[in-house]
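Please look through the model below before reading the points, which are meant to be checked against the coordinates.

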Amino acid sequence: MKEIRAIIRMEKLRDVLDALESDGHPGVSVERIEGHGRQTGLVEQFRGLEFKVDLLPKARLDIVCADEEVEKLINTIADNAKTGAIGDGKIFVYPVENAMRIRTGETGEAAV
């Protein structure tokens, strides 16, 4: 099993979630986060003063899936999150040792 962690633009979140669901993979956790990479922030004005916003709002998606689903899910996320501009995000893949469905006690891929 693998965990896919994707950090994407907030405005692309609905597109990605809809695409994942239509691909038959509705199981996803979403967290609103702030951060920056090469897209180092924005300069905004408030009451005539300029100030820099260093941390930009992003969405983090966490998905646990079977090994054979990883490539398909990564492509779905990337295709639907891409704008072509700096700050589109990143996708990371991590190994998952085990999982357990609390309600039934199922373990491994059956729990996912």
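This is a predicted model: local features need pLDDT of at least 70, side-chain atom pairs count only at pLDDT 80 or more; totals for chains, interfaces and linings use all residues.

1. Residues are numbered from 1 along each chain as its sequence is written, and side-chain values use heavy atoms, with hydrogens and water left out.

2. Helix 1 spans residues 13-22, and its buried residues are Leu13, Val16, Leu17, Ala19 and Leu20; helices here are DSSP runs of H or I with at least four residues, strands are runs of E with at least two, and both are numbered from the N terminus. Buried stands for under 20% relative accessible area, exposed for over 50%, and partly exposed for what lies in between, with a 1.4 Å probe and protein chains only.

3. Just after helix 1, Gly24 adopts a positive phi of about 90 degrees.

4. What do the buried residues of helix 1 pack against? Their partners are strand 1 (2-9), strand 2 (29-35), strand 5 (56-65) and helix 2, where contact is taken as heavy atoms within 4.5 Å.

5. For the helix pair, helix 1 and helix 2 pack at an angle of about 145 degrees, with axes 8 Å apart; the axes are lines fitted to C-alpha atoms, for helices over the stretch in contact, and angles run from 0 to 180 degrees between N-to-C directions. Asp15, Val16, Ala19 and Leu20 of helix 1 meet Leu73, Thr76, Ile77, Asn80 and Ala81 of helix 2. The residues of this contact divide into six nonpolar, two polar and one charged, with Ala, Val, Leu, Ile, Met, Phe, Trp, Tyr, Cys and Pro counted as nonpolar, Asp, Glu, Lys and Arg as charged, and the others, Gly among them, as polar.

6. Two residues of helix 1 can be followed individually. Leu13, in helix 1, is buried at 10% relative accessibility, and, not counting residues up to four places away in sequence, touches Ile8, Val30, Ala59 and Leu61. From Leu13 to Ile77 the C-alpha to C-alpha distance is 9.5 Å, although they are 64 residues apart in sequence. Leu17, also placed in helix 1, is buried with a relative accessible area of 15%, and under that exclusion of residues up to four places away it touches Val28, Val30 and Leu61.

7. Asp88 sits in the loop between helix 2 (70-81) and strand 6 (89-95). Is Asp88 buried or exposed? With a relative accessible area of 16%, Asp88 counts as buried. Its side chain makes a polar contact with the side chain of Thr83 at 2.4 Å, a polar contact being a pair of N or O atoms within 3.5 Å, of which, within protein, one must be able to donate a hydrogen and the other to accept it, while residues adjacent in sequence count only if both atoms are side-chain atoms. Leaving aside neighbours within four places in sequence, Asp88 is in contact with Ile7, Ile8, Arg9, Ala81, Lys82 and Thr83.

8. Arg9 belongs to strand 1 and is buried at 12% relative accessibility. The side chain of Arg9 makes a polar contact of 2.8 Å with the side chain of Asp88, and a polar atom of the Arg9 side chain lies 2.6 Å from the backbone oxygen of Ile86.

9. Val93, in strand 6, is partly exposed because its relative accessible area is 37%. Apart from neighbours within four places in sequence, Val93 is in contact with Lys2, Glu3, Ile4, Val70 and Ile74.
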